[in-house]
Amino acid sequence: MAELDTSQGGGKKKGKKHGAKKMSTRVDLTPMVDLGFLLITFFMLTTTFSKPQTMEINMPVKDKESKEEGQAVKASKALTILLGADNKVYYYVGIENPELLVTDFSKTGIRSVLNEKNRTVKDLVVVIKATKDAKYKNVVDVLDEMAITDVKRYALVDITDFDLELIQKVNVQ
Amino acid sequence: MPKVKVPRKSTNIDMTAMCDVAFLLLTFFMLTTKFKADDPVVVDTPSSISEIKLPDTDIMAITITKDGRVFFGMDGKYNRERMIDKIGAKFGIGFTEEEVHAFSLTGSFGVPIASLKEFLNLPPEQRTNEKDQPGIPLDSVKNELQYWIVYGRLSNPNTRIAIRGDGETPYPVIKSVMNTLQEKNVNKFNLITDLEARPK
């Protein structure tokens with residue numbers, strides 16, 4: 001295909017004879033190929049194939065008129081997770097007189113607690129509260145744990161003074 | 001013994017086929033490529049097992065850096081043009097045509113509205129320098145993020161809101177961003193994360 005030239009040797013002779021010089025139409029395509037591959041490399045390196053992953057979260061609608069903060073959760077079905085400083089996770093069951101326990105983000109930490117609760121308690125509601133020392137990563141991790149352990153109902157709520165006191169008490173001990 | 005004549009073959013290779021392949025691939029990459037947005041900030045997002053992909057278009061991204069500065073970005077040149085017009089009208093700042101054009105080409109930015117004009121008059125290479133950008137004010141007295149959200153959504157009603165936060169960001173900053181969103185009746189938003197394998 002590239003050999004678009006016609007009759008090299010004979011042509012020359014003929015051309016000489018007739019005066020009009022017949023030039024070879026053969027083009028060296030090597031530089032063009034070089035350029036092509038250079039551009040391919042450039043586009044391959046700048047392209048972004050992987051789109052970022054996202055997590056979708058739905059927050060409850062903030063009702064400015066009613067002062068009640070959502071529905072009350074049954075004490076027997078509530079599990080509260082508090083996120084503290086230094087990747088610490090505190091949790092307690094129920095609402096009244098809770099016993100605060102400390103755990104972490106490892107496989108045997110909060111995940112096993114959630115798995116166990118999710119199995120034993122029907123319609124478990126997890127309340128997630130982050131202290132001001134918590135990192136964004138902790139929040140994403142705990143939301144991720146919800147997805148891993150298949151907890152259907154959970155909410156991200158503001159922390160209360162009561163919870164902060166509990167954490168303080170545990171840390172003093 | 002007669003000499004065995006080895007016919008001399010030309011070392012010329014027909015390049016046409018290779019050229020065809022090269023340009024075919026080139027065309028493919030040129031058409032499928034989407035350049036990385038020139039975000040001024042580098043954030044290390046936390047990882048999650050979520051496999052939902054972020055759509056390419058109609059995205060409003062709120063980027064939060066490690067030190068708690070907030071950057072705002074929106075896709076679509078014309079959306080950005082409409083947005084800056086509305087912001088200019090709201091705050092009584094007359095943006096010139098060049099400034100509007102400069103804004104329409106800016107990815108994420110993190111400057112207060114008051115110094116936006118100054119920011120847009122900077123040369124383009126300085127505009128992507130994140131060190132000079134203090135972030136969008138977010139405190140309760142002067143919450144400018146809410147205006148960007150409102151006018152951004154007015155400029156493109158189909159837009160989705162994504163939060164791209166650094167894993168080390170303190171939670172209160174994230175909370176105030178989320179509160180701002182909720183105040184503006186945005187109760188559904190995306191958190192951009194890296195992919196992580198689902199544990200067995």
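E3(A) pairs in the antiparallel sense with strand E4 (residues 101-103) of chain A over three bridges. Strands here are DSSP runs of at least two residues (E), helices are runs of at least four (H or I), and both are numbered from the N terminus. Two strands count as paired if DSSP finds at least two bridges between them. Within this pair, Val89(A) has Thr103(A) in E4(A) as its bridge partner.

The model is predicted: local features need pLDDT of at least 70 and side-chain atom pairs count only at pLDDT 80 or more, while totals for chains, interfaces and linings use all residues. Residues are numbered from 1 along each chain as its sequence is written, and chains are lettered from A and ligands numbered from 1 in the order in which they are written.

**Strand pairs**

| Pair | Sense | Bridges | A bridge pair |
|---|---|---|---|
| E3(A) and E4 (residues 101-103) of chain A | antiparallel | three bridges | Val89(A) and Thr103(A) |
| E1 (residues 53-58) of chain A and E2(B) | antiparallel | two bridges | Thr54(A) and Ile52(B) |

E2(A) and E3(A) form a hairpin with five residues between them, and Asp86(A) in the turn has a positive phi of about 55°.

**Chain A as a whole**

Chain A has five helices and six strands, in the order α-α-β-β-β-β-α-β-α-β-α from the N terminus on. Of its 173 residues, 20% are buried. A residue is buried if 20 or more other C-beta atoms lie within 10 Å of its own, exposed if 12 or fewer do, and partly exposed in between, with C-beta atoms placed from the backbone. Two residues are in contact if their C-beta atoms, placed from the backbone, lie within 7 Å. Among contacts in chain A between residues at least 6 apart in sequence, 56% join residues at least 24 apart.

The domain assignment, which is automatic or from a database, gives chain A domain 1 (8-46) and domain 2 (75-172). Taken over C-alpha atoms, the centres of these two domains are separated by 72 Å.

**Gly94(A)**

Gly94(A) lies in the loop between E3 and E4 of chain A. Is Gly94(A) buried or partly exposed? Gly94(A) counts as partly exposed because it has 15 C-beta neighbours inside 10 Å. Leaving aside neighbours within four places in sequence, Gly94(A) is in contact with Ala75(A), Ser76(A) and Ala78(A). Lys122(A) is 28 residues from Gly94(A) in sequence and 14 Å away in space, C-alpha to C-alpha.

**Nonpolar core**

A nonpolar core is a set of buried Ala, Val, Leu, Ile, Met, Phe, Trp, Tyr and Cys residues joined through C-beta atoms within 7 Å. The largest one has 55 residues, of which Ile81(A), Val139(A) and Val177(B) touch the most other members. H7(B) gives the largest share of this core, six residues. Not counting residues up to four places away in sequence, Ile81(A) touches Val89(A), Tyr91(A), Ile110(A), Val126(A), Ile128(A) and Val142(A).

**Contact between the chains**

The contact takes 41 residues from chain A and 48 residues from chain B. On the side of chain B that touches chain A, the elements giving two or more residues are helix H1 (16-32), strand E2 (52-53), strand E6 (160-165), helix H7 (171-183) and strand E7 (188-195) of chain B. H1(B) gives the largest share of that side, ten residues.
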